Amino acid sequence: MAKKHVPIKYTSRDFSSIKRDLEDYAKRYYPESYRDFSEASFGSLMLDTVAYVGDILSFYLDYQVNESFLDSAIEYENIIRLSRQLGYKYPGKPTSYGIASLYVMVPANASGIGPDTNYLPVLQKGSILSSNDGKNFNLSENVDFSDPNNEVVTGRVNETTGTPTHFVVKTYGKVISGDIVEASITVGPHERFMKKNLVGTDIAEVISVFDSEGHEYFEVEHLSQNIVFREVANRGSNTDTVKNLLKPFVVPRRFVVERTAGLTTLQFGYGSEDQIKSNMIADPSEVVLKMHGKEHVSDSSFDPANILSTDKFGVVPSNTILNVIYRQNNAEDMNVAANALTKITNSKFIFKDVATLSDSQVQFVANSLQVSNDRPISGDISLPTSDEIRTRAMDHFATQNRIVTKQDYVSYVYSMPPKFGAVKRASVVRDSDSFKRNLNLYVMSEASDGSLTATNNEIKQNLKTWINRSKMVHDTIDILDGTIINLGINFKIIAQERRNKFDVLNNATKTLSEYLLLYPDFGESFKISNIYSVLNSADGVLDTTDVVVVNKVGGSYSDAFYDLKKNMSADGRLISFEDNLIWEIKFPFVDVKGAIQ
């Protein structure tokens, strides 16, 4: 008689359930063939083996399915790859920007009433300055010590006559974090969509790419983009006020930069050199109006950033050597506190008519260079967490490279390329008091110790340029510093019986301090009820009897005072904050204090 088959239980996916189903199946359909199912039997070995394999296959099936979707993926690298499909670019290691104060001592002129202008040098772009802990910064522009706006004070005087013999000249220069690295990459035969990895971690920016034939390759946002804007020296009459002009250039040789948590890759297209020799520049009128004798006009679009007639995504280099110059950070955290940039690693001076000057005096001026920073140098932030990447990727996809809503602004701020710096938190608020009802963009950066700090002007200027690319024409926006409200927490707990109260208190304080290490967002409420939950979950805590939130003001804390009682909810569960305010536990292991009963 034909054997009757029972439906397979597809819901059995772990070791125990699979083994149980196999054993029931064997007992039902092979009762005379095998009866020994004891743990030491051969049959039990076979059932265990099959259940073991089934459990492993079930685990990896679930794992692969979870890692295929952005909202369920766990591994950091997979989240980055899935976010890239939505158009989000992983920022990598951001750049720190700041202003350095530079000093040189210059001999006095013959009259002794001012410095000898012949010895006022120009400190060249690319000079390397370092902080006390070895973080390197590059001077991003030439610094002219002969500028009449520079500060000049007496440096040395003749002890006999009191006449000044040397003057100290102070000026300012913009600095940017990282070391300049040059690398050579050998490229073989033509390869479609070739990828080349750069050596090193914490690469902030790819500065230039040239092949051995002298052809330059340009970085673009995406490979289908073939128009870039470059600075061209202004030859007009207004060169004093406008030194450079932005001009569009067609770039058949181009690449995009792809970043993961520890790797930076150059991605090229798949075009060949032969296509450059042909006429690839498309006529916009032919692109938009392809009538060809038809009596109607089809609906066609024209992208001003894509005017090449080829669709090969750019020319890929072949049989050559790529010379790549990039900027790489030499520390995990490139933020520097005020007055910490003090070392001269490599200075490059230019003196006017150096042949007519005294070599000893020129060397004296060069050796007298000193540097400091009156304000913190910031911009580098800790890498976004998995949840932050998910949220930013979905928000970025919704913006569609245009800024309309408030959330579009916030998402666009976070997507600014890391070479321009980065902000830790951002919020957009409609200014109801303004006549034109403009927008206020509040931003906050991360300090060298990991706490929140004001964003410096250089990053704000880069942010302004970045936003202007895609914002609505009629939108007016002001970029402002958000206000930090520093908080402290005092709590009281009850320990479980027969537990060491000292250990329980330390454990509760540590648990709450670690919980408060996460940064809130602008306008996010402080939930006192969560503090009770965290403390009650700590090992050895029976109950939390009281939690008091205090405002830390002055000294190492923010000067902003906030009335916590006035802004506390009626049930005492949370404290609300306005959209331009962000609360912070600046020193979690100091500002969290407890008592135990």
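I began with strand S9, which is joined to strand S15 (residues 264-267) by 4 bridges, the two running antiparallel. In this pair, leucine 198 stands opposite threonine 264 of S15. I take strands as DSSP runs of E with at least two residues, and helices as runs of H or I with at least four, both numbered from the N terminus. Two strands count as paired if DSSP finds at least two bridges between them.

The model is predicted, so I note that local features need pLDDT of at least 70 and side-chain atom pairs pLDDT 80 or more, while totals for chains, interfaces and linings use all residues. Residues are numbered from 1 along each chain as its sequence is written, and side-chain values use heavy atoms, without hydrogens and water.

Next I looked up the sheet around S9. It is an open sheet of 7 strands with mixed pairing, in the order S8-S16-S10-S11-S14-S15-S9. Its edge strands, S8 (179-187) and S9 (195-198), each pair on one side only.

I then checked the sheet S5-S2-S18, which is open, has 3 strands and pairs antiparallel. S5 (143-144) and S18 (349-350) are the edges, each pairing on one side only. Strand S2 (residues 122-123) meets S18 over 2 bridges in the antiparallel sense. The bridge partner of leucine 123 in S18 is phenylalanine 349.

Last, I looked at helix H2 (residues 42-66), where isoleucine 56 is found. Isoleucine 56 has a relative accessible area of 31%, and I call it partly exposed because that term covers values between buried (under 20%) and exposed (over 50%), with a 1.4 Å probe and protein chains only.
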